[in-house]
Every structure is written in C-alpha cells, then in structure tokens.
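Look through the sequence and the 3D structure below. The paragraphs after them lead from the overall fold to the core and then to one helix.

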Amino acid sequence: MEKVHVDKDLCISCGSCVAICPNHFEFDDDNLAKATNDSVDDEVRDAAEACPTEAIVIEEEDE
Ligand code: SF4
C-alpha cells in the first residue's frame, strides 16, 4: 500500500498542495505543509506532481 508524507526540509510553503488537495494537506504551525491523511489517491498524485520542490513523497509500504 502506498503512503504519502511531506519532507518539511524541502517544503517552501507555496500552498499548491493545500489548494489542490485540501483533504490531505494543510499548513502546520510553522507554515509548512503536512499530510493530514497518509492515504494516496489521484488528488494526492496531482499535488505531488505540482509541488515545485518535490517535497511530497509517495512511498510503497510493505505489508
Ligand atoms: S506544494 Fe510542496 S512546497 Fe508547496 S506547500 Fe505543498 S509541500 Fe510545500
């Protein structure tokens, strides 16, 4: 199963992911994006593709 997370070291707070996929991403107290839900759907893939710094990481999880 795939899971998504945000690499906060790469996030530049551009807001794309929050705009594209508000069900999965929001800003934390430091104004960096975080995944509120680690499941992956097409919107999450769109957000990952749109992220200018490739901070949105989709990984395959073994189970
Ligand atoms: S699209 Fe990428 S850089 Fe922009 S807020 Fe989201 S994770 Fe951060």
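**From chain to core**

Of the contacts in the protein with a separation of 6 or more, 60% are between residues 24 or more positions apart; two residues are in contact if their C-beta atoms, placed from the backbone, lie within 7 Å. This is a predicted model, in which local features need pLDDT of at least 70 and side-chain atom pairs count only at pLDDT 80 or more, while totals for chains, interfaces and linings use all residues. Residues are numbered from 1 along each chain as its sequence is written.

The protein has 2 helices and 4 strands. Helices (H or I, at least four residues) and strands (E, at least two) are DSSP runs, numbered from the N terminus. Their order along the sequence is β-α-β-β-α-β.

Next comes the overall size. The C-alpha trace spans about 35 × 20 × 20 Å along its principal axes. The radius of gyration, taken over C-alpha atoms, is compared with a globule rule of 2.2 Å times the number of residues to the power 0.38. For 63 residues a compact globule would have a value near 11 Å, and the protein agrees because its own value is 11 Å.

How much of the protein is buried? Buried residues are 24% of the 63. A residue is buried if 20 or more other C-beta atoms lie within 10 Å of its own, exposed if 12 or fewer, and partly exposed in between, with C-beta atoms placed from the backbone.

The largest nonpolar core contains 14 residues, and V6, C17, F25, A47, C51 and I56 have the most contacts inside it. Strand 1 (2-6), strand 3 (33-35) and helix 2 (42-50) each give this core at least two residues. Helix 2 provides the largest share, 3 residues. Such a core is a set of buried Ala, Val, Leu, Ile, Met, Phe, Trp, Tyr and Cys residues joined through C-beta atoms within 7 Å. Leaving out residues up to four places away in sequence, F25 touches C17, V18, A33, A35, T36 and A47.

Now turn to helix 2, where V44, A47 and A48 are buried. These residues lie on the same side of helix 2 because they cover an arc of only 100° around the axis, the arc being that of the directions from the helix axis to the C-beta atoms. An α-helix has 3.6 residues a turn, so residues three or four places apart point the same way. D42 and E49, on the other side of helix 2, are exposed. The buried residues of helix 2 pack against strand 1, helix 1 (16-20), strand 2 (25-27) and strand 4 (56-60).
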